[in-house]
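Let's take a walk through this one together. Keep the sequence and the 3D view open side by side, and follow along as we go.

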Amino acid sequence: MIVNEDLPKGPDMQIKEAAERLGITERMLRHYERSGLIAARRLENGYRSYNEADLRRAGRIRDFIATGFSTREVQAMAACLSDEGAGPCAGGVTQLLTKLGHIDRLKAELDVKRAAVLERLTSFQETLEKLEQADGTVTPDKAKDCEITRAP
């Protein structure tokens with residue numbers, strides 16, 4: 001997970017600058033706030049104001065989401081998001097192990113689907129080759145278009 005702890009120190013900033021520095025959209029920052037993951041301070045004019053700790057927290061949230069976590073799953077790891085709790089925390093370990101298991105199940109399902117597609121493509125290829133040999137209805141150019149690449 002990439003956590004940008006090296007954000008330069010400086011004064012508080014509004015949402016546009018905070019989003020730019022994090023490499024996300026303003027809309028995403030608002031979503032973090034609506035989800036209860038971050039609490040931006042409000043200026044007298046109603047604008048959101050973010051300090052460096054807010055940016056570090058938002059960066060951690062961004063990184064969890066980028067690795068497949070939902071905002072609800074990130075909420076379960078709230079203790080791991082603040083500067084005081086950043087890094088290993090009991091809830092975080094459980095959530096990471098759960099997410100890893102989910103990813104492994106999805107990968108296994110995709111591997112099965114990929115194998116089925118390869119099997120079907122191979123069958124199509126063989127059928128086209130037989131047709132070509134039998135009556136010449138499939139030209140070599142068309143047969144080449146049907147070739148597949150088998151990746152491990």
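This is a predicted model: local features need pLDDT of at least 70, side-chain atom pairs count only at pLDDT 80 or more; totals for chains, interfaces and linings use all residues.

How many aromatic pairs does a search of the whole structure find? One. Here, rings of Phe, Tyr and Trp (its six-membered ring) pair if their centres lie within 6.5 Å, with planes under 30 degrees apart called stacked, over 60 edge-to-face and the rest tilted. The pair is F64 with F69, and it is edge-to-face, at 5.3 Å centre to centre and 80° between the planes. F64 counts as buried because its relative accessibility is 8%, and F69 counts as buried at 6%.

Residues are numbered from 1 along each chain as its sequence is written, and side-chain values use heavy atoms, leaving out hydrogens and water.

Now zoom out. The protein has six helices and two strands, running α-α-β-β-α-α-α-α from the N terminus on. Helices (H or I, at least four residues) and strands (E, at least two) are DSSP runs, numbered from the N terminus. Of its 152 residues, 30% count as buried.

Next, head for the largest nonpolar core, which has 22 residues. Such a core is a set of buried Ala, Val, Leu, Ile, Met, Phe, Trp, Tyr and Cys residues joined through side-chain atoms within 4.5 Å. L29, Y32, Y50 and V74 touch the most other members. The elements giving two or more residues to this core are α1 (15-22), α2 (26-34) and α3 (52-66). Click on L29 and leave aside its neighbours within four places in sequence: L29 is in contact (heavy atoms within 4.5 Å) with I15, A18, A19, L22, I24, I38, Y50 and A58.

Several of those names belong to α1, whose buried residues are I15, A18, A19 and L22. They sit on the same side of α1 because they cover an arc of only 95° around the axis, taken from the directions from the helix axis to the C-beta atoms. An α-helix has 3.6 residues a turn, so residues three or four places apart point the same way. What covers these buried residues includes α2, β2 (48-49) and α3. On the other side of α1, K16 and E20 are exposed.

Just after α1, G23 takes a positive phi of about 75°. T25 is in the loop between α1 and α2, and it is partly exposed, with a relative accessible area of 48%. The side chain of T25 reaches the backbone nitrogen of M28 at 3.0 Å.

One last stop: E52, in helix α3. E52 is buried, at 7% relative accessible area, and its side chain makes a polar contact with the side chain of R21 at 3.1 Å. A polar contact is a pair of N or O atoms within 3.5 Å; within protein, one must be able to donate a hydrogen and the other to accept it, and residues adjacent in sequence count only if both atoms are side-chain atoms.

Methods: Buried means under 20% relative accessible area, exposed over 50%, partly exposed in between (1.4 Å probe, protein chains only).
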